[in-house]
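Have the structure open as you read.

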Amino acid sequence: MTTSSVVRSRLEAQGFCNLDDATLTELAPWMRWSPTLCTVFMAIGTALNSPVILWSLAATAFLGVLLPFHTFDLLYNYGVRFLSGTCALPYHGAQRRFACGIATVWLIGTGWAFHAGSALVGYALGIPLILVAGLVSVTHFCIPSLIYNTLFKATSGPENRT
């Protein structure tokens, strides 16, 4: 089984470049790991009107801006991958770190709305955030990475480790 050219293109748009076909085929499903966990926590935080959950996730997303990986990748790289028999996730490119930056600001705003008692604004911010993160989780299509690539005309990512 090989990864489709659409999936390869979407992952390269996120900055995951220079991956050979075998590695990409093995890791493509697992590259949804962090976006899926983020989506789940976003949904829980929004459903519960919980600034604490949303701000905690914002802190996690902010680390994804500063580091070449998302902290949820550590759960995969040092745990799940040994159970799945797959290799480590590659480092993130600037596109994925940019997406984490957008998520950080968005999560802070959503949490603040709930904290201020404005559930309507919280839902108005939280639901689209969940949809954007869910899109990456399901299809590998990352709107913030598309924005980054449009703004900065990025065509390649860092040398990835596998």
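Helices here are DSSP runs of H or I, at least four residues long, numbered from the N terminus. Keep in mind that this is a predicted model, where local features need pLDDT of at least 70, side-chain atom pairs count only at pLDDT 80 or more, and totals for chains, interfaces and linings use all residues. Residues are numbered from 1 along each chain as its sequence is written, and side-chain values use heavy atoms, leaving out hydrogens and water.

Back up into α6 itself: its 22 residues reach 31 Å from first C-alpha to last, close to the 32 Å expected at 1.5 Å a residue (1.5 Å times one less than the number of residues). Its buried residues (under 20% relative accessible area, 1.4 Å probe, protein chains only) include R96, C100, L107 and F114. Those buried residues pack against α1, α3, α4, α7 and α8, contact meaning heavy atoms within 4.5 Å.

Now look at α7 (residues 119-139), which packs on α6 (residues 94-115) at about 150°, axes 7 Å apart. Axes are fitted to C-alpha atoms over the stretch in contact, with angles from 0 to 180 degrees between N-to-C directions. That makes α6 roughly antiparallel to α7 (over 145 degrees; under 35 is roughly parallel). Among the residues making this contact are W106 and L107 of α6 and Y123 and L125 of α7.

On to α3: its axis comes within 11 Å of that of α6, crossing at roughly 10°, so α3 is roughly parallel to α6. Here P35, M42, G45 and T46 of α3 meet R96, L107, T110 and F114 of α6.

Definitions and conventions:
Helix = DSSP H or I, 4+ residues; strand = E, 2+ residues; numbered from the N terminus. Parallel < 35°, antiparallel > 145°, perpendicular 65-115°, else oblique. Buried < 20%, exposed > 50% of the residue type's maximum accessible area, 1.4 Å probe, protein only.
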